[in-house]
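Notebook open, two chains on screen. I want to look up what holds their interface together.

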Amino acid sequence: MTGQLPSWRIEAVPQEPMALWAKLLRDANPIHVDPAAAEALGFGPRTVNPGPINLAYALNMVMAARPGNHPREIHARFSNNILSGDAVEVSGVADFAEPGRCCARVRVPERDATAMDVEVRLVAREDFR
Amino acid sequence: MPNPIDRTESATGQPSPAYPMAIPPGHFRLSAEADKMIRRTSFSTEAWEDEAHPVFGLVAAIGGIGIPIGEVFASCGGAIDQGPLLASCVLHFARPLKIGITYQVNGTVESVTRKPSRRFGAADHLRLCIDVRDGDTPYSRLTLTVVMPMGSAA
């Protein structure tokens, strides 16, 4: 049995943070900073969000729904890219049969695309050891 | 300059079986500024004392290995400008990462498997394992799979 978690939404993914994340990740992939490079590789004329940002969106939804906890384990599958300007929606469920287990899906509704699926096992902060 | 993680291609064009292969160790300074930037730009609303955003399990691992991730791809026969893609990851936390620590980061290329790809013709699937620790204290372990387009090399 599962329960729906409050959904989480961004109206338009900004381009500016992609370069900041790419720098922190030391990721020189030009698709994150150069629309022409993204287009040349078939992504269209918009920069591509680094995958870790998409994971952060999913974790933000889960952490907001389950305050006081921290992930012990995260399983994430990246299936589609999120591009600058995309609206993003994160939805998810809590698993009542396994306390602390939540599943989240990051979607781009306009393209009817699932960007990633994430399974998170949370532990109360005071129980972390 | 020699590849920091040297690898040779077999006569058949298949990736060499010489894995696992160590990636040069490195470090990641998890500063308050970096945590603020990550939270601001990912629209995070939750924060807890000196605890870093949990996405740093991924960011510190990739950003902290001793060479940029693009050089890891290059050492395995790929190229960053061919658009390698994150496929999946598993993160285990021994404890939440904290702000203000410089972590030691150690990683290995566990395997490289060439597979036919509808989109790319052929693609190498790299499996990396990266540990983030502070001295003897483990914090997180990342297992990451990356798909590297290899054109018609299948």
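I started with polar contacts across the interface of chain B and chain A and got 11 residue pairs, both residues at pLDDT 80 or more. The rule I used is a pair of N or O atoms within 3.5 Å, where within protein one must be able to donate a hydrogen and the other to accept it, and residues adjacent in sequence count only if both atoms are side-chain atoms.

Ground rules: this is a predicted model, so local features need pLDDT of at least 70 and side-chain atom pairs pLDDT 80 or more, while totals for chains, interfaces and linings use all residues. Residues are numbered from 1 along each chain as written, chains are lettered from A and ligands numbered from 1 in the order written, and side-chain values use heavy atoms, without hydrogens or water.

Next I looked up salt bridges (side-chain nitrogen of Lys or Arg within 4 Å of a carboxyl oxygen of Asp or Glu). The interface has 2 of them; one joins B:Arg40 to A:Glu16 at 3.9 Å, N to O.

Contact (heavy atoms within 4.5 Å) takes in 46 residues from chain B and 39 from chain A. The chains bury about 3500 Å² between them, 65% of it on carbon and sulfur atoms; that is accessible area (1.4 Å probe) lost on being put together, summed over both parts. B:Phe43, B:Pro54 and B:Phe93 supply 14% of the area chain B buries against chain A, more than any other three residues.

Last, I noted that A:Glu73 has B:His92 as its bridge partner.

Note on methods
Buried area = accessible area lost by both parts, 1.4 Å probe. Pairing = 2+ DSSP bridges. Helix = DSSP H or I, 4+ residues; strand = E, 2+ residues; numbered from the N terminus.
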